[in-house]
Amino acid sequence: MKTPPIVSPQDWQTAHQQLLVKEKELTHARDALAAERRRMPWQAVEKRYEFEGPEGTASLLDLFRGRRQLILYRAFFEPGVYGWPEHACRGCSMMADHLADLAHLNARDTTLVYASRAPQPDIERVKARMGWTMPWYTITDDFDRDFGVDEWHGTNAFIRDGDRVFRTYFINARGDEALGNTFAYLDMTALGRQEVWEDSPEGYPQTPPYEWWNWHDEYGEAAEPSKEWLAQTRRGTRDKHP
């Protein structure tokens, strides 16, 4: 293997400072891209979709768990996928291993879920084997085909206005490689990180950075499903959403 040159600490610092200029350019370009995502038009989701989850049948609206935003990753775990039935797809499994604690996303009024075509007993079994705890639903209809994830993994972002659901962004292929981190997920959403430094449309929710950050076990109600969602679950009325 041909290695780079070996240099003094001073020369190393010079080389690093030169590269740091490009690092900052990349960071600013990423911020600008996220700002454009927040200005993407929204696609109304008019069709009703149904999933199966641990609590039974759920609509797409139910998957929000009462929060404003939803991020849905389509993982490949089902008959015909390499690893079945002991494992999900190796790439999707690596994505799952990278997943940050979801309390941080929840505190920004955002829910993240996984969805596959595997039945719930198989999903619960593989989650237990791999130590995963994210909400993971079973696709029962054309959701994967309609949202570009029937043949390949991908991540869709949605927002709701009351009971109306809108698709706001989509990332797949190598774009998924950057996901797993809380900020990377927030950067793909319609509301972003919701911090005051961001270039967001007027009226978007924004608070100072650092001030909303917390230990994942001390967010309290901000990281819990809404009382509305929990009440609907207890009443068994979640599947009545339009």
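**Exercise 1.** Find out which residues of α1 are buried, and what covers them.

Solution. Start with the burial check: A34, A35 and R37 are buried in α1, where buried means under 20% relative accessible area, exposed over 50% and partly exposed in between (1.4 Å probe, protein chains only). Next, look at the cover: it includes β8 (164–172) and α7 (182–187).

Before going on, note that this is a predicted model: local features need pLDDT of at least 70, side-chain atom pairs count only at pLDDT 80 or more, and totals for chains, interfaces and linings use all residues. Residues are numbered from 1 along each chain as its sequence is written, and side-chain values use heavy atoms, with hydrogens and water left out.

**Exercise 2.** Work out how the rings of Y49 and F147 sit against each other.

Solution. Rings of Phe, Tyr and Trp (its six-membered ring) pair if their centres lie within 6.5 Å; planes under 30 degrees apart are stacked, over 60 edge-to-face, and the rest tilted. A search of the whole structure turns up 15 aromatic pairs. In this one, the centres are 5.6 Å apart and the planes make 65 degrees, so the pair is edge-to-face. Now place the partners: Y49 is in the loop between β1 (43–44) and β2 (50–53), while F147 is in the loop between α6 (143–146) and β7 (154–161), 98 residues apart. Finally, check burial: Y49 has a relative accessible area of 5%, so it's buried, and F147, at 2%, is buried too.

Definitions and conventions
Helix = DSSP H or I, 4+ residues; strand = E, 2+ residues; numbered from the N terminus. Contact = heavy atoms within 4.5 Å.
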